[in-house]
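Have the sequence and the 3D view open as you read.

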Amino acid sequence: MAESTPAAASGRPRAARIPQEELRERLLAEAERMLDGRGLGVNAYPLNMEDLIRQVGVPRSSAFHAFGSKENLFFQLALRLLSPSSPLAMRFAALLTGSADAVVAEHETLMTDAAGRRALLRESVRRALPPMHETLVRAPRWRTFRALSMSLDSFPEAERDELRARLGTIQDIYLDTMSRAYEATFERFGVRMRPGLSITHFVSAASSTLEGVATGPAFGQPLAAEWVALPGIGGAEVQWHLSAVALMALVDGMTEAV
């Protein structure tokens with residue numbers, strides 16, 4: 001007589017085995033859901049593994065076997081959260097172009113001379129940067145990008161190299177997308193980069209500036225004064241977000257009239 005398995009002896013049916021790839025996908029999808037739109041933290045390990053296993057409802061041994069280790073699960077989660085694209089750049093480029101379109105439509109007569117075009121460029125920056133800032137502050141992808149950039153040394157060498165390559169690809173796409181957007185905007189308003197400077201220099205400086213202004217609010221530390229009163233397109237004082245002030249300082253320092 002064949003020996004009974006423990007499951008058969010107890011009368012309980014054996015649970016169906018979940019295919020390895022399906023189990024991996026379920027764990028990663030649940031891990032992403034548990035992040036609740038926050039992105040990964042600076043230690044890259046913000047999730048409680050036991051909570052994750054309990055939510056997915058699989059044996060602990062199966063969950064660990066699916067990835068080999070907790071560290072590898074988080075590495076795969078990092079790759080999942082950082083697909084090789086730059087949705088932030090696409091959003092920023094659209095905001096920049098849309099702002100310029102609206103300003104020109106409202107003040108088309110100012111496009112006839114250099115001083116007027118410069119005024120319209122300033123107004124475009126004033127309008128575009130607040131939503132760009134808000135988008136960045138709320139973007140889990142940016143938090144993840146920033147956190148992983150700061151914590152690469154915590155990963156094994158092979159994983160570190162793969163993450164660095166992924167981060168580099170995303171950065172290259174961002175630089176290319178925003179370079180084209182700023183170059184088109186500058187050409188539209190009759191300015192160009194000063195000799196010795198390139199549009200890539202500008203985008204790199206602008207990106208660092210925007211991230212610097214966004215860092216405090218994104219991590220729960222509001223700026224002392226995010227908005228200031230400065231002259232607007234007609235000379236009267238209007239509200240400028242600090243990110244717009246900072247970006248316009250770069251424009252003034254790094255570009256000149258054609």
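**A buried serine and its helix**

S179 counts as buried, because its relative accessibility is 9% and the cut-off for buried is under 20%. Keep in mind that this is a predicted model. The notes below start with the helix that holds S179, then turn to the pairing of α10 with α11.

*Around S179 and α9*

- S179 is found in helix α9, which covers residues 157-188.
- Leaving aside residues up to four places away in sequence, S179 touches I199, T200 and V203.
- Just after α9 comes G190, with a positive phi of about 75°.

*How α10 meets α11*

- Helix α10 (residues 199-218) and helix α11 (residues 242-254) have axes that come within 9 Å and cross at roughly 160°.
- Angles over 145 degrees count as roughly antiparallel, so that is how α10 runs relative to α11.
- The crossing of α10 past α11 is right-handed.
- On the α10 side, the contact is made by H201, F202, A205, A206, T209, L210 and V213.
- On the α11 side, L242, S243, A246, L247, L250, V251 and M254 make the contact.
- Sorted by type, the residues of this α10 and α11 contact come out as 11 nonpolar, three polar and no charged.

*A note on spacing*

- An α-helix has 3.6 residues a turn, so residues three or four places apart point the same way.

Terms used. Residues numbered from 1 in each chain as written. Predicted model: local features only at pLDDT ≥ 70, side-chain atom pairs only at ≥ 80, totals over all residues. Heavy atoms only, no water. Helix = DSSP H or I, 4+ residues; strand = E, 2+ residues; numbered from the N terminus. Buried < 20%, exposed > 50% of the residue type's maximum accessible area, 1.4 Å probe, protein only. Contact = heavy atoms within 4.5 Å. Axes fitted to C-alpha atoms, helices over the stretch in contact; angles between N-to-C directions. Parallel < 35°, antiparallel > 145°, perpendicular 65-115°, else oblique. Left-handed = near helix turned anticlockwise from the far one by under 90°. Nonpolar A, V, L, I, M, F, W, Y, C, P; charged D, E, K, R; others polar.
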